[in-house]
Amino acid sequence: ATGDIAKVIYTPWFPAGLAYDPVNGTLYVASPNGYIYVVNPLNGSIINTFPAFYVPTGITYDPKNGYIYVTSYNSNDVYVVNPANGNVVATVGVGQGPNGIAYDPANGYIYVAVSDSNVVTVIDPDNNSVIANITVKLPYGVAYDPKTGYLYVTSDYYNSVLVIDPANMSVIGNIS
């Protein structure tokens, strides 16, 4: 591992969010131009494109139900999309300014950094409903670490990364 770039994949507009689908080996790229691009990472080709409503900013894949979840900063919603055809199968209202989004395979929940509402919203994909809100000032990005089982959330307010324990849905640490 030399840190070299192995491949560059070009999309028609700058990419904002990225998710990998291990079932079919594709990448889903959310672009603020209002589209989601389905990309073959082996050859870099765009194999499908579908409209993505407003300004998509974040995207994650749920391997349990096979749907992608897309945040749209301007709409206050998370869109549940069937990647086979690009159809929206549900919307989940999460508050003002949803950005980063991540899937937690340990509990099957989806976590959304909702910047203007100062929360990380927890979605249960079994019924596409909000089951909790974790208070975090100005969250922007969110990632799940399978090794620790924790979520890491960037906070513009604290200029740091906050550590969330999904088991008790609370902030347990701050990495400046």
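The backbone oxygen of Asn99 lies 2.6 Å from a polar atom of the Thr71 side chain. A second polar contact (a pair of N or O atoms within 3.5 Å; within protein, one able to donate a hydrogen and the other to accept it, with residues adjacent in sequence counted only if both atoms are side-chain atoms) joins the side chains of Thr71 and Thr57 at 2.9 Å. The model is predicted: local features need pLDDT of at least 70, side-chain atom pairs count only at pLDDT 80 or more, and totals for chains, interfaces and linings use all residues. Residues are numbered from 1 along each chain as its sequence is written, and side-chain values use heavy atoms, without hydrogens and water.

Thr71 is buried, with a relative accessible area of 0% (buried, under 20%; exposed, over 50%; partly exposed in between; 1.4 Å probe, protein chains only). Leaving aside neighbours within four places in sequence, the contacts of Thr71 (heavy atoms within 4.5 Å) include Val55, Pro56, Gly58, Pro98 and Val112.

Thr71 belongs to strand S6 (strands are DSSP E runs of at least two residues, numbered from the N terminus). S6 (residues 67–72) pairs with S7 (residues 77–82) in the antiparallel sense over 5 bridges; pairing requires at least two DSSP bridges. Ile68 stands opposite Val81 in S7.

The open sheet has 4 antiparallel strands in the order S5-S6-S7-S8. S5 (56–62) and S8 (87–93) are at the edges with a single partner strand each, so one side of each has no neighbour in the sheet. Neighbouring strands are turned by 25° against each other on average, direction ignored (axes are lines fitted to C-alpha atoms; angles run from 0 to 180 degrees between N-to-C directions).
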